[in-house]
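The sequence and coordinates come next.

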Amino acid sequence: MNIAIASDHGGYGLKETLKQHLEEKGISFTDCGTDSEASCDYPDFAEKACRLVQEGAVDRAVLICGTGIGMCISANKMNGIRAALCGETFSAHFTRAHNDANVLCMGARVTGPGLAEMILDEFLATPFEGGRHQRRIDKIADIERREHHA
């Protein structure tokens with residue numbers, strides 16, 4: 001598995017922690033920035049990471065800002081992206097199993113590093129169940145197509 005990881009200044013510290021966690025688990029990743037705690041704009045980094053998902057260069061992405069909300073909103077504006085904001089492992093599991101989410105968003109100011117690692121592990125380990133859930137994902141894609149062609 002290969003993932004993209006990105007943050008704004010508010011999520012930079014947690015991003016660095018999660019990068020180390022990924023390295024320890026042998027999971028390859030592409031760091032899409034930011035590179036410091038200097039103030040920056042989260043949509044720029046959400047777009048960089050999600051573009052790699054769209055292109056198939058990575059399997060999934062992880063986006064981190066202060067609350068995770070700005071990253072999640074930005075990511076979900078992009079075609080084919082199903083981003084979920086998760087603050088615990090239950091949601092991380094079911095957003096993969098039922099929603100086939102391809103982007104995990106977290107808030108560094110609301111989720112501590114130990115919990116964030118567990119959320120990330122659950123998100124990466126959980127497969128999409130398909131079945132009746134695929135029908136719903138197809139409906140989401142239909143909405144997306146209609147909205148972007150309106």
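## Aromatic pair

Phe94 counts as partly exposed, since its relative accessibility is 29%; the classes used here are buried for under 20% relative accessible area, exposed for over 50% and partly exposed in between, with a 1.4 Å probe and protein chains only. Phe90, at 57%, counts as exposed. Helices (H or I, at least four residues) and strands (E, at least two) are DSSP runs numbered from the N terminus.

The number of aromatic pairs is 1, where rings of Phe, Tyr and Trp (its six-membered ring) pair if their centres lie within 6.5 Å. The ring centres of Phe90 and Phe94 are 4.7 Å apart and the planes stand at 45 degrees, so the pair is tilted; planes under 30 degrees apart would be stacked and over 60 edge-to-face.

## Basis of the model

The model is predicted: local features need pLDDT of at least 70, side-chain atom pairs count only at pLDDT 80 or more, and totals for chains, interfaces and linings use all residues. Residues are numbered from 1 along each chain as its sequence is written, and side-chain values use heavy atoms, with hydrogens and water left out.

## Sheet

An open sheet is formed by 5 strands in the order β2-β1-β3-β5-β4, with parallel pairing; two strands pair if DSSP finds at least two bridges between them. β2 (28-31) and β4 (83-85) are at the edges with a single partner strand each, so one side of each has no neighbour in the sheet.

β1 and β3 pair over 5 bridges in the parallel sense. Ser7 has Ile64 in β3 as its bridge partner.

## Asn102

Asn102 lies in the loop between α4 (89-97) and β5 and is buried, at 11% relative accessible area. A polar atom of the Asn102 side chain is 2.9 Å from the backbone oxygen of Gly80. Beyond four places in sequence, the contacts of Asn102 (heavy atoms within 4.5 Å) include Val53, Asp59, Ile81 and Phe123.

Methods:
A polar contact is a pair of N or O atoms within 3.5 Å; within protein, one must be able to donate a hydrogen and the other to accept it, and residues adjacent in sequence count only if both atoms are side-chain atoms.
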